[in-house]
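Please open the model in your viewer and keep the selection tool at hand.

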Amino acid sequence: MPDTYTLNDGTTLPAIGFGTYPLSGDEGIAAVASAIEGGYRLIDTAVNYGNEEEVGEAIRRAGVPREELRVTSKIPGRHHGYDDAVASTHASLERLGLDYLDLHLIHWPNPSVGKYAEAWRALVDLRAQGLVRSIGVSNFTEAHLDRVVEETGVTPSVNQIELHPYFPQVDMRAVNERRGIRTEAWSPMGKRQAPFAEPAVAEAAERHGVTPGQVILRWHVELGSLPIPKSATPERQRQNLDVDGFALTDDEVAAITALGRPDGRLFGGDPDTHEEM
Ligand SMILES: NC(=O)c1ccc[n+]([C@@H]2O[C@H](COP(=O)([O-])OP(=O)(O)OC[C@H]3O[C@@H](n4cnc5c(N)ncnc54)[C@H](OP(=O)(O)O)[C@@H]3O)[C@@H](O)[C@H]2O)c1
């Protein structure tokens with residue numbers, strides 16, 4: 001598996017990251033620190049997770065050199081105006097105790113508010129100022145991507161979308177790929193509805209002598225999707241990072257992708273209608 005992906009702006013991300021929602025408080029600090037100590041180098045937080053302070057504390061506690069880490073945060077819908085997006089980014093850095101973010105995303109497009117292109121313009125400027133190394137989006141459709149590219153000439157480096165076996169996002173993965181955008185997968189296991197018992201997953205796990213979770217994460221890697229699994233458990237954190245000792249066959253990959261279904265989305269999070277402020 002690739003150790004890292006090189007993004008369209010020349011920066012790199014590891015092939016698997018660590019999701020931090022809803023980790024918080026002392027237990028959250030311990031879970032994120034344990035993930036970093038166990039080898040995760042990409043950490044995903046957001047203003048709306050309310051845990052940037054804990055993530056910053058975990059980073060300091062783990063003691064890994066800053067330049068080895070890739071820290072992601074996200075601008076919430078209520079901060080989409082240009083000045084709000086700039087202020088939001090400064091506030092995230094303050095809470096994290098960092099002087100730059102490696103990747104900063106627009107969390108949701110919120111098209112009824114209609115200001116995501118303003119937030120994108122702010123991100124372009126924040127990157128030029130060095131406060132953010134790479135910029136991207138989350139939950140963007142093809143139309144949302146086209147609009148920010150048309151207005152600024154700058155293509156996002158990453159589009160973080162819901163992606164798991166019940167919702168394999170065949171079309172959006174192709175849309176991202178055509179534009180040179182890396183697809184990141186949120187809820188990569190499928191959260192509470194993870195298909196661990198589906199024969200396509202469980203039988204592949206049996207054949208390869210790994211866990212169903214490892215099969216799902218390996219499926220992401222084979223697709224070129226960058227998963228950010230969350231686990232509060234050190235043993236699962238370790239397993240989720242350890243997927244390079246086996247490979248799925250093309251048929252195994254196809255059988256897992258075939259689990260996709262029209263109602264496979266987790267919580268009705270359609271980017272055209274879902275509003276997250
Ligand atoms: N951009 C967005 O709009 C958006 C939306 C949602 C999420 N996210 C990001 O994506 C990250 C991951 O998504 P998620 O947390 O919703 O879902 P997920 O990573 O698919 O699933 C997390 C759940 O799976 C369990 N789990 C993890 N590894 C496991 C394993 N190997 N075996 C069995 N169970 C396992 C965890 O339990 P334990 O903790 O008990 O191990 C947890 O309950 C979030 O933390 C967040 O950073 C982004």
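**First stop: an aromatic pair**

Begin by selecting Phe140, which is buried, with a relative accessibility of 1%. In this tour, buried means under 20% relative accessible area, exposed means over 50%, and partly exposed lies in between (1.4 Å probe, protein chains only).

The model is predicted: local features need pLDDT of at least 70 and side-chain atom pairs count only at pLDDT 80 or more, while totals for chains, interfaces and linings use all residues. Residues are numbered from 1 along each chain as its sequence is written, and side-chain values use heavy atoms, with hydrogens and water left out.

Is Tyr116 buried or exposed? Tyr116 is buried, as its relative accessible area is 5%. The structure holds 4 aromatic pairs. Tyr116 and Phe140 form one of them, an edge-to-face pair with 5.3 Å from centre to centre and 75° between the planes. Tyr116 belongs to helix α4 (residues 116-128) and Phe140 to the loop between β7 (132-138) and α5 (142-152), 24 residues apart, and the pair thus links distant parts of the chain. For such pairs, rings of Phe, Tyr and Trp (its six-membered ring) must have centres within 6.5 Å; planes under 30 degrees apart count as stacked, over 60 as edge-to-face and the rest as tilted. The helices (H or I, at least four residues) and strands (E, at least two) are DSSP runs, numbered from the N terminus.

Keep Tyr116 in view and select Arg147. The charged end of Arg147 sits over the ring of Tyr116, 5.0 Å from the ring centre. This description requires NZ of Lys or CZ of Arg within 6 Å of the ring centre and within 35 degrees of the ring normal. A further example is Arg261, whose charged end sits over the ring of Tyr166 at 4.1 Å from its centre.

Next, select Asn139. Asn139 also lies in the loop between β7 and α5, and is buried at 5% relative accessible area. Its phi is positive, about 65°, although Asn139 is not a glycine.

**Second stop: two helix pairs**

Select helix α3 (residues 82-96) together with α4. How do these two helices pack? They meet at an angle of about 50°, with their axes 8 Å apart. The axes are lines fitted to C-alpha atoms, for helices over the stretch in contact, and angles run from 0 to 180 degrees between N-to-C directions. α3 and α4 are therefore oblique to each other; angles under 35 degrees count as roughly parallel, over 145 as roughly antiparallel, 65 to 115 as roughly perpendicular and the rest as oblique. The residues in contact include Tyr82 and Val86 of α3, and Ala119 and Leu126 of α4. Contact means heavy atoms within 4.5 Å.

Then select helix α1 (residues 25-37) and helix α2 (residues 52-62), whose axes come within 8 Å and cross at roughly 45°. α1 and α2 are therefore oblique as well. Among the contact residues are Ile29 and Val32 of α1, with Ala58 and Ile59 of α2.

Within α2, select Arg60. Arg60 is partly exposed, with a relative accessible area of 46%. Not counting residues up to four places away in sequence, Arg60 touches Glu53, Leu96 and Gly97. The C-alpha atoms of Arg60 and Leu96 are 9.8 Å apart, although 36 residues separate the two in sequence.

Select Tyr21 and Pro22, which are joined by a cis peptide bond with omega about 5°. Pro22 lies in the loop between β3 (18-19) and α1.

Move on to Asn110, in the loop between β6 (101-106) and α4. Asn110 has a positive phi, near 45°, in a residue other than glycine, and is buried at 0% relative accessible area.

Finally, select Thr72 in strand β5 (residues 70-75). Thr72 is buried, at 0% relative accessibility. Which residues does Thr72 contact, leaving aside its neighbours within four places in sequence? They are Leu42, Ile43, Asp44, Thr45, Leu103 and Leu105.
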